[in-house]
Amino acid sequence: MHQYINHIGNIYNKRRLVLVTTALAQALVLTGAQFAMSGVAQAQSTSTAPGLTATTSQGLASFKSIKQINAGDLNVGYVEEGPADGPVVILLHGWPYDINSFVDVVPMLTKFGYRVFVPHLRGYGTTRFLDANALRNGEPAALASDVVALMDALKIDKAILAGYDWGARTAGIVAALWPQRVKGLVSVSGYLIGSQEAGKQALPPKAELQWWYQFYFATERGRVGYEKNRHDFAKLIWQTASPQWHFDDATFDRSAVALENPDHVAITVHNYRWRLGLANGEAKYEALEAQLAKFPSITVPTITMEGDANGAPHPDPATYAKRFTGKYKHELITGGIGHNLPQEAPRAFADAVIEVGHF
């Protein structure tokens with residue numbers, strides 16, 4: 001089983017990808033926190049900055065504040081809500097979305113006493129590199145290491161991890177390589193661990209078509225195009241990945257702010273080029289990537305989820321069920337639910353997090 005099969009499985013008979021062109025309102029300016037990057041800060045120290053929120057007149061739920069903490073290679077922007085002594089849940093978003101995918105999930109979890117963290121991944125929102133000269137690395141092992149470093153900085157020994165898209169892959173890697181840190185896993189689209197070697201394998205034309213943006217990013221034209229049109233591009237991905245989700249401009253704009261991160265384009269492009277073997281990672285992650293190339297089993301309690309209208313590349317659950325060797329359950333969420341499952345079906349997602357915590 002190679003990387004693309006892990007992503008796509010038996011989806012070749014699904015609908016052809018329809019490219020929908022849209023006009024996007026004037027790009028928003030990042031309103032995230034200003035924070036100093038000079039000097040050596042204590043990893044455990046935090047500061048609070050204004051949240052990336054919509055105006056109240058739009059009637060949208062919003063996170064009230066973003067905290068910052070030095071963790072590993074990053075100064076991470078994150079939301080923290082819920083009681084300080086509650087069991088910990090870390091929610092991980094995907095590309096090209098942001099922490100607002102969980103804006104309705106978080107209060108559902110805090111109501112049950114969970115302490116919830118929602119970090120901006122590297123390249124999003126107020127998260128920044130501590131070293132201005134660091135490689136803007138999007139390889140999977142780097143993102144997973146970010147989560148472990150964040151847990152260390154926050155003194156979190158063990159947590160439930162839950163996510164979708166890049167977030168699901170990242171959570172799955174942490175669960176596979178650091179199972180002692182993971183109480184339970186909720187993963188939309190299941191087992192998404194892959195490798196560069198697997199990425200070299202050619203797929204049938206219909207399957208390759210769904211990865212059009214990966215080939216686009218492999219070119220300099222694609223990098224420049226994404227830099228210039230990142231909001232239009234992101235909205236197109238939202239529409240094609242969730243064809244039955246009728247989000248409005250205010251909902252999209254609330255998340256599009258996070259894409260103004262100065263490292264966003266570089267990390268996105270590096271991620272997809274790395275998958276095709278067109279970009280190198282960092283030596284410090286080579287041992288981790290070697291383990292991931294063996295497609296390790298995930299032993300922690302897990303619930304995998306899928307929406308019935310997911311328009312993005314994703315594997316058939318039958319292709320990955322045996323990868324989960326602990327207590328395991330798969331859920332199909334019906335009603336036209338697409339790729340951004342936590343935002344489209346927050347109740348179902350929150351219920352899965354609560355349930356896996358009791359496995």
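Which residues of the largest nonpolar core touch the most other members? In this predicted model, local features require pLDDT of at least 70 and side-chain atom pairs count only at pLDDT 80 or more, whereas totals for chains, interfaces and linings use all residues. Residues are numbered from 1 along each chain as its sequence is written, and side-chain values use heavy atoms, with hydrogens and water left out.

A nonpolar core is a set of buried Ala, Val, Leu, Ile, Met, Phe, Trp, Tyr and Cys residues joined through side-chain atoms within 4.5 Å; buried denotes under 20% relative accessible area (1.4 Å probe, protein chains only). Among the 101 residues of the largest such core, Leu91, Trp95, Leu109, Leu161, Ile298, Met305 and Phe349 touch the most other members. Helix α3 (residues 140–153) supplies the largest share of this core, 10 residues; helices are DSSP runs of H or I with at least four residues, and strands are runs of E with at least two, numbered from the N terminus.

Beyond neighbours within four places in sequence, the contacts of Trp95 (heavy atoms within 4.5 Å) include Asp165, Trp166 and His264. Asp165 lies in the loop between β7 (159–163) and α4 (166–177). Asp165 is buried yet has no salt bridge, defined as a side-chain nitrogen of Lys or Arg within 4 Å of a carboxyl oxygen of Asp or Glu. The nearest side chain of opposite charge, Arg169, is 5.7 Å away from Asp165; Lys and Arg count as positive and Asp and Glu as negative, with His and the chain ends not counted.

Helix α4 is largely enclosed by the rest of the structure, because 12 of its 12 residues are buried.

Conventions
Buried < 20%, exposed > 50% of the residue type's maximum accessible area, 1.4 Å probe, protein only.
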